[in-house]
Amino acid sequence: MLQKLQLHLNANFPFLQGKRLFLAVSGGMDSMVLLQLFYQLNYEIAVLHCNFSLRNLESDGDEDFVKQFCEENQIPIFVQKFDTKQFAEDAKVSIQVAARKLRYDWFYEQLTDENFDYILTAHHLDDSLETFLINLTRGTGLEGLTGIPAQNDKIIRPLLPFSRTEIESYIQGNNLQWREDSSNASDKYFRNKVRHAIVPVLKELNPNLLSSFQNTVENLQQAQSLVEDASKLVYQIVVQEEDNQLKINSIELLKLPNYAAYLYQWLKDFGFTAWQDIYDLVTAQSGKQVFSNNYILLKDRDFLILYPKENHTTELEFFVEKGIEEVKFPLNITFCNVSDISNANSNCIFVDQDFIKFPLTIRKWQEGDYFYPLGMQGKKKLSKYFKDEKMSLLEKSNQWLLCSNNEIVWVIGKRQDERFKITEKTNHKLQIKLY
């Protein structure tokens with residue numbers, strides 16, 4: 001097994017040579033084999049051990065066992081004890097989800113704090129098969145059927161080509177000690193049910209199940225690669241990236257017979273779950289929205305616009321007192337008296353200060369708002385102005401106004417109001433500039 005692992009590392013992870021490697025070691029059979037193998041291969045290693053405090057004395061016994069092995073073999077070890085049950089209760093998640101989050105958050109902290117390069121875990125081929133079956137049972141996309149990835153960012157799983165049988169044989173052949181997790185025998189966990197009840201039946205039906213599974217996974221991974229390549233090519237045609245937004249051209253999208261598959265590829269990492277609602281959004285009326293925890297997908301005429309949710313303040317208005325030269329929130333705006341008014345533009349206006357009543361207010365626009373556009377006779381509703389300017393729903397929702405005594409002085413960054421303009425009678429000229 002040692003030679004097979006060395007060949008696997010040389011072929012697939014040659015960059016690990018000379019790197020500082022953390023090994024995630026629970027004390028169980030798989031992780032102890034991982035530790036023994038990398039210790040023999042003379043990589044620069046240290047051990048990370050999590051005590052989740054879920055099995056009382058048994059958990060503490062695992063910790064002591066791993067510590068003793070590391071001390072005897074002069075391997076640096078870092079241990080973290082968690083109150084997993086309390087964390088799960090506070091976060092309102094399952095014990096398994098809580099343990100996973102605690103584990104990986106701490107792993108990445110240690111990478112930074114101790115200046116290590118990668119974290120190695122002991123997941124093997126049987127684990128990958130179980131994950132495949134779990135995802136298949138629950139429903140998944142193509143990527144959910146490609147097994148456990150050999151590498152996720154800084155997490156590497158070098159034992160994936162090895163079966164549980166090979167690991168057991170190595171343990172027995174090398175008289176390695178290890179700790180059995182009693183929870184592995186319990187069928188209250190879904191993974192254990194798959195491991196104890198389903199996998200043995202499949203192996204009985206096909207003694208070469210793991211080999212067949214490996215071939216299937218390789219084929220699926222190749223198919224997934226093709227999907228990703230096609231997705232990137234179409235993305236360049238259909239999607240525009242503007243500031244912090246994605247704009248998906250729904251007209252171009254509808255030309256594709258399988259546009260839903262492309263939408264899934266582009267949006268799957270943004271936390272959406274209501275996929276049918278997203279697919280229906282392509283042909284929906286403007287203004288319809290679909291939400292994830294952190295993002296909004298908006299239908300605006302011929303586009304689907306993806307943008308992050310903002311932390312909206314509870315303040316309705318922001319006040320600018322007389323004498324203030326600069327405000328930085330919600331926008332960065334400066335105020336100063338000038339004599340030269342030659343460089344007016346959409347981001348810089350000049351007003352007659354004597355027409356203004358302080359404090360000024362900065363607020364979002366509201367239905368019914370109107371102003372007197374500079375250079376025009378009469379007033380105009382902002383809703384009509386926005387329509388004439390062909391502003392999107394998103395642009396309108398983000399539009400700020402500068403007001404004096406409830407009268408609009410400036411549709412900020414767009415158009416000044418006629419009532420406050422500089423005239424021949426103006427004595428005090430105020431420059432207002434948006435940065």
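**A guided tour of the predicted model**

Select Arg164 to begin: leaving out residues up to four places away in sequence, Arg164 touches Met29, His124, Asp126, Asp127, Glu130 and Arg195. Please bear in mind throughout that this is a predicted model. Arg164 belongs to helix α7, and at 17% relative accessibility it counts as buried. Arg164 and Met29 are 135 residues apart along the chain, yet their C-alpha atoms are separated by 9.4 Å.

**The nonpolar cores**

Next, select Leu21, Leu23, Leu35 and Phe38. These residues have the most contacts inside the largest nonpolar core, which has 33 residues. To see which elements build this core, colour α1 (2–12), β1 (20–24), α2 (29–40), β2 (44–51), α3 (57–72), β4 (118–120) and α7 (164–173); each of them supplies at least two of its residues. The largest share, 7 residues, comes from α2.

Keep Leu21 selected and display its surroundings. Neighbours within four places in sequence aside, Leu21 is in contact with Leu16, Phe38, Tyr43, Glu44, Ile45, Ala46, Phe116, Tyr118 and Leu120.

How many disulfides does the structure hold? The structure holds 0 disulfides. Is Cys70 buried or exposed? Cys70 is buried, with a relative accessible area of 1%. Cys50 counts as buried too, at 13% relative accessibility.

**A polar contact at Arg363**

Move on to strand β16 (residues 360–364), where Arg363 is found. Arg363 is buried, with a relative accessible area of 7%. Show the side chain of Asp369 as well: the side chain of Arg363 makes a polar contact with it, at 3.0 Å.

**Confidence in the model**

Finally, colour the protein by pLDDT. The average is 91, and 98% of the residues score at least 70. Then select residues 311–315, over which pLDDT stays under 50. For this stretch the model has 1 contact beyond four places in sequence. Where pLDDT is low, the predicted coordinates should not be read in detail.

Note on methods:
Residues numbered from 1 in each chain as written. Predicted model: local features only at pLDDT ≥ 70, side-chain atom pairs only at ≥ 80, totals over all residues. Heavy atoms only, no water. Disulfide = S-S within 2.5 Å. Buried < 20%, exposed > 50% of the residue type's maximum accessible area, 1.4 Å probe, protein only. Helix = DSSP H or I, 4+ residues; strand = E, 2+ residues; numbered from the N terminus. Polar contact = N/O pair within 3.5 Å; in protein donor to acceptor, adjacent residues only side chain to side chain. pLDDT = per-residue confidence, 0-100. Contact = heavy atoms within 4.5 Å. Core = buried A, V, L, I, M, F, W, Y, C linked by side-chain atoms within 4.5 Å.
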